[in-house]
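Colleague: I've got this model open on my screen and I'd like a close look at one part of it. Could you walk me through how the strands are put together?

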Amino acid sequence: MSRGSSILRLAGAATAAGVLTAAIALPAIGGAGAMFITASEDLNLKPEDLVEPPLAEKTEIMDAKGNQIAQFYEEYREVIKLAEVAEVMKTAIISIEDFRFYQHGAIDIEGTIRALAKNLSAGGVAQGGSSITQQYVKQVLYNAADTEEEKAKALETSYARKLNELRFAMAIEKKYTKDEILEKYLNIAYFGAGANGVEAAAKRFFGVKASELSLAQAATLAGAVQDPNRTDPNLGKDQRRRLLERRNVVLNRMAELKKITPQEAEDAKKEKLGYKGTALPGGCEASRYPYYCMYVRAEVLSNPVFAKTKKQRAQLLNRGGLKIKTTLDPKMQRAAEAAIKKHVFASDYPVASEALVEPGTGQIKAMAASRKYGTNKRKNEMSYNVVADSAHGGGVGFQPGSTFKTFTLLTALKEGMKVNDGFSVGAGYRAPFYSTFKNCKGDSIGDPSHTVTNDEGSGGFKTLQTGTWGSVNTFFMKLEEKVGLCDTIKTAKSLGIKRADGLPLLEFSTFTLGTNEMDPVTVANAYAAIAARGKYCEPMVVTQITDRYGKVKKYDPKCKQVMDKEVADAAANVLTGVFTKGTMRGVGGIGRPVAGKTGTSDAQATAWFAGFTPDLAGAVSIGDPRGSQKYKLNNVTIGGRYYGSVFGSSVPGPVFKDTMIAALKGVPATPFPPIDSARFGGCGQSCAPVQPRRDDRVEPDDDLPDVGDDDFTLAEPPAGR
């Protein structure tokens, strides 16, 4: 009688204090848990539907073959079915948290009476008395909270919160079976050490699946849910000691309830904690392909095609439980990694990076670099995506040198020049007037005071073919003057060219010499458009997304024809000669039709090669991330080999060659379309070889490139750059 009176007094005091905003059903006096009575006709506890947002689940990133390469999560969780949980785990959690779970309804009357009496004597909420259903409700409310204030409210110690839990729990008990509630609880519960849900906890704590848990392991996890932060084994010895004590409490309780024998309990208590602390998988740091992973993550977070707002995209990536299939080709990725490793060491100051893109789709097939991704400076790791632009986790990029001459070549072909058209040039070029070059705003930006020179003073009559093969700087300055700087810039932009740092392109007269910093993905994709006969496709890494419910959405390439097919064919025809008559002839071909262009910036600050077959395009860069203008590629040792000066044909060219041979092994060779001779003249590769002058020859063991090979003197940049 006194216990019942105390409970009634508690309800009255709470109501008077304004704590209760709705009714509460009170246990009847006498025969504990036998019935309910109400303190007032106005007090009415009714079920209230609980909004249950989907649980935060990991998102898996897969390569083109369906192999997982990375995963992202806000909360490390793997949702599983109750049938995938070991029976001993179910028994352990029920024994310690709610041993009458399968007997009572939404409210455990005995537990509630015990808790209310305890709370009355303590002068507050000292004991929860919560059923598993109520605990599930609390976890849902906490996980659904967006702000810290909402999270605190979901966990606050108050009777108002308890009443809300009861209302929601009553609705949950009507909505689901007991097994369904237990399954939901085991998937949402936090066990500590960053593990959400029993599957993640089993793997994190013991390196096993939830279906494989032993008695001691199950008891450990069951003990952890009461206060996972206080017993987090990842935090230290004190926490592990507390967890071990909790495990033994669970074992004693299981024995008391006759779920296990006393001997089984004693044997289990003799076992060590056995915490393995299996590393939480996820993030690009843990990926085998970190640079590609970073690109995918940035693309999903920034591209509105995946969701309208950045917040929605972040939630999808980190909480959505998606399976994202990408364009990464494992074979091509291995080819790029092996080729770079062969020529550039991870310990070298200069870093080499390479991107491979499929013509006609824009699919990025591989992204590789000579250094590992990370923040350990002692291990010479890269802390940003050196293969990509800043929008995809990259840095400021490197000047691509004469790989940009290709855009001037394309512009000349578009404007009606034939491959054997040309003019005589000297060893140096100086703009005749300030008005010689105009940027796309119409401003005169020519610099008559600055002279662009060729390496070794080469000059004479050059055509689109021979000027490209020899990469003659003065020829391309004169050619850019003829076709127009702005038209050249427009050609480059139509092929997706943009600065790696996201700033507007610098529109100086030396644009054709590659003075804008680039990244390999952008350059490779531009060259892929030439291989695709003038069809430009946006860089693409995601082909398919499967959501947590199994719904599949596929993504198609976004392409458009940006120039006549015949123009692209003619440019490809000219660029094939780079391997047989030009700056790459000392390196050699790849055993199938291939085209490309070397690039070396002023005084060998950086070096590039960009090229393509009809089936695959690639770009390779090398430069010193400490500052390419300060740490130039002269008198350096790279990959264990000393170089007096590094050119496009010195390191990037061989990396490209080795990559393409391995990446396309087993793929039938595809020929380039023939040049339209009626429109562009010339005979391309069917012409008799052009004999270089004696001073232009490259001996087999000579590191130096052919005619000039891109070396030039760059005009001073504008103030502030």
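Predicted model: local features only at pLDDT ≥ 70, side-chain atom pairs only at ≥ 80, totals over all residues.

Modeller: With that, take strand 9 (residues 351-357) and strand 21 (residues 617-623), which pair in the antiparallel sense over seven bridges. To find your place there, look for L356, which stands opposite G618 in strand 21. These two strands belong to an open sheet of five strands, in the order 10-9-21-20-19, with antiparallel pairing. At the edges sit strand 10 (364-369) and strand 19 (595-600), each pairing on one side only. Ignoring direction, neighbouring strands of this sheet are turned by 10° against each other on average. Packed on the sheet you'll find helix 19 (residues 520-531), which touches strand 9, strand 10, strand 19, strand 20 (607-612) and strand 21. The direction of helix 19 makes about 35° with that of strand 9.

Now hop over to strand 16 (residues 542-546): four of its five residues are buried, so strand 16 is largely enclosed by the rest of the structure. Strand 8 (residues 323-326) runs antiparallel to strand 16 and is joined to it by four bridges, with T326 standing opposite V542. Strand 16 is also joined to strand 17 (residues 552-554), again antiparallel, by three bridges; here I545 stands opposite K553. Strands 16 and 17 form a hairpin with five residues between them, and in the turn G550 has a positive phi of about 90°.

Note on methods:
Residues numbered from 1 in each chain as written. Heavy atoms only, no water. Buried < 20%, exposed > 50% of the residue type's maximum accessible area, 1.4 Å probe, protein only. Pairing = 2+ DSSP bridges. Axes fitted to C-alpha atoms, helices over the stretch in contact; angles between N-to-C directions. Contact = heavy atoms within 4.5 Å.
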